[in-house]
Amino acid sequence: VVFSDGLEAPSFSFHGGAVTEAACGRQVRRALALHPPQAGRSLADFRLTLPDSPLKLVTAMGLRDGAKSNGAGFRVEVNGREVFGQSVRAGGGWQPVEVNLSAWRGQSVLLTLVTDAEGDFNFDWCAWAEPKLVARTSP
């Protein structure tokens, strides 16, 4: 968890992440729930060694059904550099995400899924659905 003043802390209470089932747009999927703190961000880090072949991250993002959020940001970082970012409003259902990771093939990387309160964190019930790495077949 990264607070608005830039200080980092281990996850606590309902901040941070938990693997659960989450409904967005009434579609239930296995997901990583990642609720950010007030004016801050929650991070899920994955240290990976990528194969020497083209890959992409495939997932979906959403604010869980019932959230009365003013919106939240979803980001994907590789080695601390943002490679995907989008703000999401409540009620939008699951929104698909694909991130090309081919630039890092054959390398060890830190892949980070980020949720950002973008201000007020009330009801920022953020979730990443079934994140996985898959072979990238098109250029």
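The model is predicted. Its largest nonpolar core has 24 residues, and a second, separate core has seven. The disulfide count is zero.

**Nonpolar cores**
- In the largest core, the residues with the most contacts inside it are Leu 57, Met 61, Val 76, Val 99, Leu 101, Leu 113 and Trp 128.
- Strands that give two or more residues to this core include strand 2 (27-35), strand 4 (55-63), strand 5 (72-78) and strand 6 (81-88).
- As general background, nonpolar side chains in soluble globular proteins tend to be buried together.

**Around Leu 57**
- Leaving aside residues up to four places away in sequence, Leu 57 touches Val 76, Val 97, Glu 98, Val 99, Leu 101, Leu 111, Leu 113, Pro 131, Lys 132 and Leu 133.

- Cys 24 is in no disulfide, and its nearest cysteine sulfur belongs to Cys 126, 9.4 Å away.
- That separation is too far for a bond, because a disulfide needs the two sulfur atoms within 2.5 Å.
- Cys 24 is buried, with a relative accessible area of 2%, and Cys 126 is also buried, at 2%.

**Ser 102**
- Ser 102 sits in the loop between strand 7 and strand 8.
- With a relative accessible area of 16%, Ser 102 counts as buried, because the cut-off is under 20%.
- Beyond residues up to four places away in sequence, Ser 102 touches Pro 54, Leu 55 and Arg 136.

Definitions and conventions: Residues numbered from 1 in each chain as written. Predicted model: local features only at pLDDT ≥ 70, side-chain atom pairs only at ≥ 80, totals over all residues. Heavy atoms only, no water. Buried < 20%, exposed > 50% of the residue type's maximum accessible area, 1.4 Å probe, protein only. Core = buried A, V, L, I, M, F, W, Y, C linked by side-chain atoms within 4.5 Å. Helix = DSSP H or I, 4+ residues; strand = E, 2+ residues; numbered from the N terminus. Contact = heavy atoms within 4.5 Å.
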